[in-house]
Amino acid sequence: VIVLLTDFGSSEYVGVMKGVILTISPEARIVDLTHSISPQSVREAAWVLSKSYRYFPKHSVFACVVDPGVGTERQAVIVETPEYVFVGPDNGLLYPTLSEASSYDVYSLEPAPTASHTFHGRDVFAVAAARHHSGIAASNLGTPQPDLTVPLNFYLQNRTGEVVRVDHFGNIVTNLPPLKKKHLRIIAGSFRDEIDLCVTYTEGPNVGIFAIVGSGGTIELSAKNQRAIDYVSVKIGDHLTLE
Amino acid sequence: VIVLLTDFGSSEYVGVMKGVILTISPEARIVDLTHSISPQSVREAAWVLSKSYRYFPKHSVFACVVDPGVGTERQAVIVETPEYVFVGPDNGLLYPTLSEASSYDVYSLEPAPTASHTFHGRDVFAVAAARHHSGIAASNLGTPQPDLTVPLNFYLQNRTGEVVRVDHFGNIVTNLPPLKKKHLRIIAGSFRDEIDLCVTYTEGPNVGIFAIVGSGGTIELSAKNQRAIDYVSVKIGDHLTLE
Amino acid sequence: VIVLLTDFGSSEYVGVMKGVILTISPEARIVDLTHSISPQSVREAAWVLSKSYRYFPKHSVFACVVDPGVGTERQAVIVETPEYVFVGPDNGLLYPTLSEASSYDVYSLEPAPTASHTFHGRDVFAVAAARHHSGIAASNLGTPQPDLTVPLNFYLQNRTGEVVRVDHFGNIVTNLPPLKKKHLRIIAGSFRDEIDLCVTYTEGPNVGIFAIVGSGGTIELSAKNQRAIDYVSVKIGDHLTLE
């Protein structure tokens, strides 16, 4: 399985990547993880990948393209772990996921001379993912590299964490672990409130926001039949305290 | 074929469901019916499913997740008809579709103790659909139940019906059957107008709305090169008279 | 491979087309090129197809449905080239792509008497694509026709071209070929500015728009961490000079 994760939205860039993959590896099964990462938000993509990859079959190849530095000297890489393969820019996107691997090997990918300066998703990452899927080892696709060079850590200090994702329902996903309280105090910039920590959406109040343990095992802010993000004006990477 | 119908939009929740399915049933073909159901609109999902399922190959398994009551006591079910299999919450979503089946058997699904309280799409419905697809009978996945417990009927009384879907083009889809007239009077809340019933979009007036028999065989309101929903302010479930 | 290109967005119309295809040709692999063509913009679809088709495996069948004239006398066609097959309305959509083919044969498709007047994507184009994929020659699906009847040419006169696509990132794609300058003057309606022509997005200024050679090999207008379309108010087909 080749899994795609990008910030391309519903554009044809995704379809073109699939065409390239199927031209090289006609039997590949291609699955979209999501293409709705906020444009150029490496941080949000890193979170989504780290919370999702384990639900895919072993040996899946992930082609991850959130790549504001495309065409510059930022390195393209293919990384093998004992369980999965990841292809993408070395800009932090893969870092949290690989931090969880028992071991991994990094190889840098050289764009072909004909590669576009603006679309390595098509000309570098789709090609490498498809070639690997068709049986070419990572060591034959790139040059060994000691490690990833750009770290990305999500901020977590006591009960202060960060906003890591705003989802389709307007839920604000944080990296804060659950806690055994029924009431929480939230501080997010100038926004302060006391809110309930509920077990199900149905338990939540009819007006205003509440906290809930989301599907990734961390605390999310939600609003019943409304969008939490319309109540609390935060963006990816903003710090937030829940105590 | 496993067919997915949700209100998850373009989020990663869809991709994660596919990962779960392919881990359990690696050869499954997965097709997205749509994920653009209005958030938590069981009614709209029920309409879309009832108008779409018959276009899929026999024995397709539909995993339907529009589930505002996730994590509460609302029952998760798998339902077999002679032609198709449906997995989803027993909240009305499956009701109109199953009303058309010659017969059906309902089995309730018990979430695993480790299931999230917020994402049964991943932890219950994708799992059941994939297991069924891999050859496990519904009777081995759940407990027989006499019937669905939550009915859902679309309102239809003479020439008054309801809004069942607002599509991507802003067309307002109703459940009203066609009639042999060229001119109609429309009453939708405080909106009243006289409009034409056209055979093709091209026939429609250049300004304002018109009626047309849509692809589901019911009357839709449309506007040429514009969005009918910008003319008539209605939402899913609102009553509407066309005479 | 059957490739879908429509203006259906995230609606169920795409899913229903896939159901029809898999009912007729159960082994077909279906790939979405994109469904985010601006509603009814034959011009934008024609550009996207012409820039994308060559990335798909040889003998792919493209089902293209941007079809404002559905149900009228505009002809539905299936067209074979030595390398690909195209199905769609004869409204210009296929014209630029077929202009690049060494040769092609056009066959007109007759809608079945039961076909909807509003959804030939389901009742004509998906059916023809799937039947061809399942082994039925185009000459057995339609009636030979001398040529396409509706031409579509993108305007290009010296350094004046047109806007052919506005992508997911708000980039404004033109049909203007690259040129070896570092500074350009742009005239788009009443908008006039002097802008840089950059090699990578990173090179671009932090505020305001710049030009870049996009992945299709033509000049695009872009804005760093912003949307160029918010600076320059143009729409598909508008003329634009870059010199």
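Modeller: A salt bridge here is a side-chain nitrogen of Lys or Arg within 4 Å of a carboxyl oxygen of Asp or Glu. The model is a predicted one, and every value below is computed from it. Between C:R165 and A:E12 the closest N and O atoms are 2.5 Å apart, and the two residues form a salt bridge. The rule finds one salt bridge across the interface of chain A and chain C. Across that interface there are also 12 residue pairs in polar contact, with both residues at pLDDT 80 or more.

Which element of chain A gives the most to the side that touches chain C? Helix α1, residues 12–24, does, with nine residues. By class, the side of chain A that touches chain C holds 11 nonpolar, 13 polar and six charged residues.

Next comes the extent of the contact. Chain A brings 30 residues to it and chain C brings 26 residues. Together, chain A and chain C bury about 2200 Å², and 57% of this lies on carbon and sulfur atoms. On the chain A side, the residues that lose the most area to chain C are A:E12, A:Y13 and A:T118, which together make up 25% of what that side buries.

How are the two chains placed relative to each other? In general, two copies of a chain are related by a rotation about an axis and a shift along it. Here a rotation of 120° with 0.0 Å of shift along its axis superposes chain A on chain C, with an RMSD of 0.0 Å. That is the relation of a three-fold axis. In chain A the C-alpha nearest the axis belongs to A:S10, and it lies 4.9 Å from the axis.

The next point concerns which surfaces are used. Only 3% of the interface residues of chain A are also interface residues in chain C, so the copies meet through different surfaces.

B:E12 forms a salt bridge with A:R165, and their closest N and O atoms are 2.5 Å apart. The count between chain B and chain A is one salt bridge. The count of residue pairs in polar contact between chain B and chain A is 12. Helix α1 of chain B, residues 12–24, gives the most to the side of chain B that touches chain A, with nine residues. In this contact 30 residues of chain B meet 26 residues of chain A. The area that chain B and chain A bury between them is about 2200 Å², with 57% of it on carbon and sulfur atoms. In chain B, the residues that lose the most area to chain A are B:E12, B:Y13 and B:T118, together 25% of what that side buries.

Last, the chain itself. Chain A has five helices and 14 strands. Its radius of gyration is 19 Å, close to the 18 Å that the globule rule gives for 243 residues, so chain A is as compact as a globular protein of that length.

Notes
Residues are numbered from 1 along each chain as its sequence is written. Chains are lettered from A and ligands numbered from 1 in the order in which they are written. This is a predicted model: local features need pLDDT of at least 70, side-chain atom pairs count only at pLDDT 80 or more; totals for chains, interfaces and linings use all residues. Side-chain values use heavy atoms; hydrogens and water are left out. Contact means heavy atoms within 4.5 Å. Buried area is the accessible area (1.4 Å probe) that two parts lose on being put together, summed over both. A polar contact is a pair of N or O atoms within 3.5 Å; within protein, one must be able to donate a hydrogen and the other to accept it, and residues adjacent in sequence count only if both atoms are side-chain atoms. Helices (H or I, at least four residues) and strands (E, at least two) are DSSP runs, numbered from the N terminus. Ala, Val, Leu, Ile, Met, Phe, Trp, Tyr, Cys and Pro count as nonpolar, Asp, Glu, Lys and Arg as charged, and the others, Gly among them, as polar. Copies are superposed by least squares on the C-alpha atoms of residues with pLDDT of at least 70 in both. The radius of gyration is taken over C-alpha atoms; the globule rule is 2.2 Å times the number of residues to the power 0.38.
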